[in-house]
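Here's a quick briefing on a protein model, meant to be read with the structure open. Have a look first, then go through the notes by topic.

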Amino acid sequence: MTQSIKTKPAAGSLAEQAHAHLQWEMSKHRLPMLSFVELLPTQPAKTQEQQGMSQSLEELAKLAAECRACPLHKGRTKSVFARGDDKADLLFVGEGPGYYEDQQGLPFVGKAGQLLDRMINAMRYEPKQVYICNVVKCRPPENRTPLPDESAACLHFLEAQIRAVQPKAIVALGRCAAQALGAVPESGSGWRGRWSQWQGIDMIATYHPAYLLRNPEHKRIVWQDLQQVMTRLGK
């Protein structure tokens, strides 16, 4: 009696080839067949930590709105927490809210924010696809730079935001943001265009959009910094 010989079937894509090979091997050992769909990889279930991430950011925003850790709370109209995608690959950090941000409760919505949005568009992102926040969540008087103790009092909010979002890259906008995240060298100079890391996340510091409104001749070098970010993110 002649025994039939099973031959390996031909297939097209790599996935189909792998499926055909596995079915051929299983048939030799008389094991139950699996469909192509059953063999496709499934998305891993979100951990409890990931599922609670958005809620954590919501809770942080509420805490920031009630915070009285420094004198800036006395002059705030609204706490300014963040805007954008809390699962973004790219995160921008500025220094603090201005007048329009204080009124609306959103970061970077004035003229500097309009410039930032154009910069983000030039990077082939929509503003809603990135995460935008500030070092301090309340407006400093007359839009001045936050004082070191004000930045220190608010830093835990910023650090918690970055840990929750887990971006692939951070852009620190201005010296204040760069200093808060440890991106300014001990010499105090050469911070712009300098790559460093914040808890394993790539970070580059560049000039703040408000600075560019006053010094438009520096837009070119900021664009060079942003192009480096695009390269790192595969854009």
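Helices (H or I, at least four residues) and strands (E, at least two) are DSSP runs here, numbered from the N terminus. This is a predicted model, so local features need pLDDT of at least 70 and side-chain atom pairs count only at pLDDT 80 or more, while totals for chains, interfaces and linings use all residues. Residues are numbered from 1 along each chain as its sequence is written, and side-chain values use heavy atoms, with hydrogens and water left out.

**Overall picture**
- The protein has 10 helices and six strands.
- Of its 235 residues, 43% count as buried (buried means under 20% relative accessible area, exposed over 50%, partly exposed in between, with a 1.4 Å probe and protein chains only).
- Take the contacts (heavy atoms within 4.5 Å) with a separation of 6 or more: 68% of them are between residues 24 or more positions apart.

**Nonpolar core**
- A nonpolar core is a set of buried Ala, Val, Leu, Ile, Met, Phe, Trp, Tyr and Cys residues joined through side-chain atoms within 4.5 Å.
- The largest one has 60 residues, and L90, F92, V93, Y131, I170 and V229 touch the most other members.
- Helix 7 (residues 148-165) gives this core its largest share, nine residues.
- Setting aside neighbours within four places in sequence, Y131 contacts residues including L57, F81, R83, L90, F92, Q161 and V165.

**Around strand 6**
- Strand 6 (residues 201-206) is mostly covered, with five of its six residues buried.
- Strands count as paired if DSSP finds at least two bridges between them.
- Strand 4 (residues 169-173) runs parallel to strand 6, with five bridges joining them.
- Strand 5 (residues 195-198) runs antiparallel to strand 6, with four bridges.
- M203 in strand 6 has I170 opposite it, and S196 also stands opposite M203.
- Strands 5 and 6 form a hairpin with two residues between them, and Q199 in that turn has a positive phi of about 50°.

**Positive phi in loops**
- Most residues other than glycine have a negative phi.
- R124 isn't a glycine, yet its phi is positive, about 70°; R124 sits in the loop between helix 6 (111-122) and strand 3 (131-134).
- With 56% relative accessibility, R124 counts as exposed.
- N143, in the loop between strand 3 and helix 7, also has a positive phi, near 60°.
- N143 is partly exposed, at 41% relative accessible area.
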